[in-house]
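Me: I have a structure to go through with you, and I'd like to ask about it piece by piece. Could you take a look?

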Amino acid sequence: MLLEYAIVAGLLFGVFYAYLALGLNLIFGVLRIVNLAHGDLVMLGSYLAFELYYAWHWSPLLAIVVAVVPCILVGGALYLGVAPRLARAQDPEMMSLVLFFGISQVIEAIAAFGFTSNERSVSANALGSHPVGILGQAYPVTWVVVAAASVPVLLILFAYLGRTRLGRATRAVMASPDEAAAVGINVRMVSALTFGVGVALAVGAGSLAVFMLGGVTPTEGVSITILSFAVIVVGGLGNPLGTVVGGLVLGLAFQLTLTFLPNWASLVPYVLLLAVVLTRPTGVLSRARRLA
Amino acid sequence: MPAAGFVVANAFYPNQQELVMMMVYLALAQGINVIYGFTGYLPFGYVGFFGAGAYGLALSVLYLHVPAGVGLLFAVLAAVAVAALLFPLLRLEGVYFAIASLAAAEALYEVISNPSLAAVTKGPYGINLVSAYNANASFVAAVALVAVSMGIVVYLRTSRLGLALRAIRSDAVSAEFAGINVVQRRTVAWLLSAAMAGAAGGTFAWYTSTFYPGAVFDSSISIFAIVFALFGGVGTTWGPALGAVVLFGVYNAVGISQPQYFQLIYGVLIVLLVLFLPGGLGSLVQRLAPRWRRLRRTPGRGPEALPGVGGPDG
């Protein structure tokens, strides 16, 4: 009973973790930019869902959709603003890490001004009121709705990457920006769009995170960024499909530990990240080397 | 010299705690300088060593009943032990190292603050060292901490070890060809840097004498140390010290009652530094100094106008 419960809960959380980390992985895979502000964007998404729900009674699921266009515009503009200077740096990847670390601090400070440091949460009733039965056991309705909302988002993104012209161009840039430019792809615009999509994914996941990670505070960004890193490191950095695998592994590991060793569950993402990073250093870490 | 400065400041400035914190951060910024400035590894989880040092001192005082001054040695030992445990992280590069070290520090915090280990580490309930409290002695320890950490950086700037580290940073493969033992030198820098943070953590623990695990593993400690070091300019002797004194001063002026303002200020500062001045304030001085010197010398001096003659003197 306990084991079954942990496995089902792990899968529900796993799908959500995949959604949570997808934006970070997409931006890293295509642009080689480490978006350390990822967790803070998720945090902003949580506040968006909160405001929309309590001001206008909009469903948090609607917040995911509403956020898409503004996020793509803002994210794309930000990318176009900083990319030329980053490209000139001696070590662009490392510089992007420090730059987005600064941006994350700015977002955190502004959020603390705007929303105060008190924790806020959205009532679970926003997503439904009755527990859902799966295999004879009852699960909180929020878990099921969040997982059910995450799956279509993942499917849409993979359809975009796999079936559309722009998505194929994005994958071409991911494989090699120079060769993509050589065949006539506008690398700059594709990159800007991808950055915007990554931002939209992070903010969208935020409107669900407020249910899965328990409330929202302006300082939660760092831990969400680490959690997302654990997911994408396990699944393979720069590999969008791997994110799903990573999410499920982390979800299962976390729920199983929570069930059988509850005091140690919070260690799971860190230990998993370290274990994978250290045991498969090149395979998981370096896409560039793998392709060469 | 900066150590003497703090002693003088203590005579005039009423808030000793601020001075101690400034010295602790100066040591941390220099520790970041040693590992990031000289090897290129950026440890986002640097606070792990600080926390290990704080607990090294606290637990040795509580269980071994050593005087707190001796406890500082245990603080260094604890941090060095953690650094040795994390040797495998040095196989990682750039971003992966930064993230993995962050995860390692968080993991260490989760272990030490875990209720299951409350019998040993007091878990989440915190440490009380009031019996060992000694404001004057711990102030002296902080002054010594500043002197030693400045000394380490001066040593690295002038010694073969420092030269080897900078060679490794700019091109590890060529350095290896030139006969430098890359792994060994990096390891030394890593242990030195950890020891500095451990000593800083021990000093902090001694001075404050009561603390919760969340306070000594607070990720904003790593953030401050990195920001101070970057602001002043890593790889230099004075940059991180200047960064710590100036920015911690700003923090005391605006940050304590309104931490968000300070966070906003240094967030913007980092963005501007990365985009416009990647070498930190120190590089600005280095870039402007020769020009300034040339500007003063030019009247009546013909050869100065030749390109390269008035160039940087190293």
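Me: Leaving aside its neighbours within four places in sequence, which residues is L273(A) in contact with?
Reply: L273(A) is in contact with F229(A), A230(A), V233(A), A100(B) and A103(B), where contact means that the C-beta atoms, placed from the backbone, lie within 7 Å. This is a predicted model, in which local features need pLDDT of at least 70 and side-chain atom pairs count only at pLDDT 80 or more, while totals for chains, interfaces and linings use all residues. Residues are numbered from 1 along each chain as its sequence is written, and chains are lettered from A and ligands numbered from 1 in the order in which they are written.

Me: OK, and which residues touch the most other members of the largest nonpolar core?
Reply: That core has 213 residues, and those touching the most other members are L273(A), M23(B), Y25(B), A79(B), A225(B) and F228(B). A nonpolar core here is a set of buried Ala, Val, Leu, Ile, Met, Phe, Trp, Tyr and Cys residues joined through C-beta atoms within 7 Å. The largest share of the core, 17 residues, comes from helix α1 (residues 2-31) of chain A, helices being DSSP runs of H or I with at least four residues, numbered from the N terminus.

Me: How many residues does each chain put into the contact between A and B?
Reply: Chain B gives 32 residues and chain A gives 35. On the chain B side, α5 (94-112), α12 (219-232) and α14 (259-276) each supply at least two residues, and α5(B) gives the most, with 12.

Me: Switching topic, how do α10 and α11 of chain A pack?
Reply: Helix α10 (residues 240-260) and helix α11 (residues 268-279) of chain A pack at an angle of about 135°, with their axes 10 Å apart; axes are lines fitted to C-alpha atoms over the stretch in contact, and angles run from 0 to 180 degrees between N-to-C directions. In that pairing L250(A), A253(A), F254(A) and T257(A) of α10(A) meet V268(A), P269(A) and L272(A) of α11(A).

Key. Buried ≥ 20, exposed ≤ 12 C-beta atoms within 10 Å, placed from the backbone. Contact = placed C-beta atoms within 7 Å.
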